[in-house]
Amino acid sequence: PPQGYYTRRGGIGESGDFITSPEISQVFGELIGIWYISEWIAMGKPKAFQLVELGPGRGTLTDDILRVFNQLASLLSKCDVSIHLVEVSPKLSETQALMLTGGKAQSNPEDKSAYMKGISKTGIPISWYRDIQDVPPGYSFYLAHEFFDALPIHKFQRTEKGWREVLVDIDPDVPDQLRFVLSPSSTPATENFIQPEETRDHVEVCPEAGVIIQRLACRIEKDGGAALVADYGHDGTKTDTFRGFRNHKLHHVLRAPGTADLTADVDFSYLRKMTQGRTATLGPIKQREFLKNMGIDLRLQVLLQNACDAATREQLLHSYDMLMNPKKMGDCFNFFALLPHHRLVHPDKEHKPESKSPLPPVAGFDELLMK
Ligand code: SAH
């Protein structure tokens, strides 16, 4: 805990180790804000909701979402909205507090659950937690952008003698160097974390992601809401994706531990399995499709029209290309959602199929139709 990357460094942004979509363009967070509003309306405008973000980084995404909520204040005026941030990094939580509250957040080290509290620039209460379990129950919209890829994984290889775990060892020949070795026999992790129907020969499993998705699915089943997960990842097809980034360059994962961002692609098929059918799931769908369905092209046109100089227009087009180009972030990032079953299928559909009007489509996962 004291020497880990997010405790010591956590460098998000151009001057750091990696850059994320909300840091590239305000449009990204705005469209996600619209997604939550759209779901809130589709679910009958509940009187209150919590927006719970896992791993908020510099706080930019929440800030962009709050701007949308503020612009739509008349729509949300009767709704009690609160923000709940799950963050382990002391450094990043300070950055978030500065960004979202203008630095007016109070630390409560004694408080067993929320370690910090504040009010957003737009007047919405914000609380910080170390664990999703500390967030109070209630109707909630969850958000995890580039969160699951940061959690630790186990690596496994299939051998003639069965599954073996890839372990980290001290290299006996070179001082201060670590190396990968294969476990000589099975390990508790090989016994517990590999799906019986697994067909790949090399597999990465992130049990912590499974536990968190299970919790989100239980909470959505019980209290209502939805979760939006966005990350680079695959649907159970990729094998060796564990890698490190430092100063925007690939960095050997075992070199100088704690100084580089370590990441592994998110296995969405595993996340889907871990919902255990408690919620419905949508996706993964490619980022460029999701953002297109959310109306990014229209939003870009409006911003271009309002831009007062050529440099701003250039910047808008450049950031659009970063988010949407299939060779940049457009194809490798995916969106995935957890929704209550009744959001996709009428509970009494089987008995009286014609009795109800059709459910509204879930924004982002269906093509945008202009009326
Ligand atoms: N969502 C942000 C930041 C992504 S980086 C963005 O898109 O820009 C990953 C974030 O997850 C950081 O804020 C990091 O501090 C946080 N994090 C990493 N491990 C965590 C854990 N176990 N619990 C809570 N937050 C964690």
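Between them, domain 1 and domain 2 bury about 1100 Å², and 58% of that area sits on carbon and sulfur atoms. Keep in mind as you look around that this is a predicted model.

Domain 1 brings 15 residues to the contact, and domain 2 brings 12 residues.

Now for the polar side of this interface. Three salt bridges are found across the interface of domain 1 and domain 2. On the side of domain 1 that touches domain 2, the classes are seven nonpolar, four polar and four charged residues.

Next, the ligand. Which residues come closest to the ligand? Of the 19 residues that surround the ligand, the closest are Thr20, Gly55, Gly57, Glu87 and His145. Three of these names return in the table, each with a distance to a ligand atom.

| Residue | Protein atom | Ligand atom | Distance |
|---|---|---|---|
| Gly55 | backbone N or O | nitrogen | 2.8 Å |
| Gly57 | backbone N or O | oxygen | 2.9 Å |
| His145 | side-chain N or O | oxygen | 2.5 Å |

How much of the ligand does the protein cover? On its own, the ligand has 580 Å² of accessible area, and the protein covers 93% of that. Sorted by class, the shell around the ligand holds 10 nonpolar, five polar and four charged residues.

How values were computed. Residues are numbered from 1 along each chain as its sequence is written. This is a predicted model: local features need pLDDT of at least 70, side-chain atom pairs count only at pLDDT 80 or more; totals for chains, interfaces and linings use all residues. Side-chain values use heavy atoms; hydrogens and water are left out. A residue is near a molecule or strand if one of its heavy atoms lies within 4 Å of it. A polar contact is a pair of N or O atoms within 3.5 Å; within protein, one must be able to donate a hydrogen and the other to accept it, and residues adjacent in sequence count only if both atoms are side-chain atoms. Accessible areas come from the Shrake-Rupley method with a 1.4 Å probe; for residues, only the protein chains shown count as cover. Ala, Val, Leu, Ile, Met, Phe, Trp, Tyr, Cys and Pro count as nonpolar, Asp, Glu, Lys and Arg as charged, and the others, Gly among them, as polar. Contact means heavy atoms within 4.5 Å. Buried area is the accessible area (1.4 Å probe) that two parts lose on being put together, summed over both. A salt bridge is a side-chain nitrogen of Lys or Arg within 4 Å of a carboxyl oxygen of Asp or Glu.
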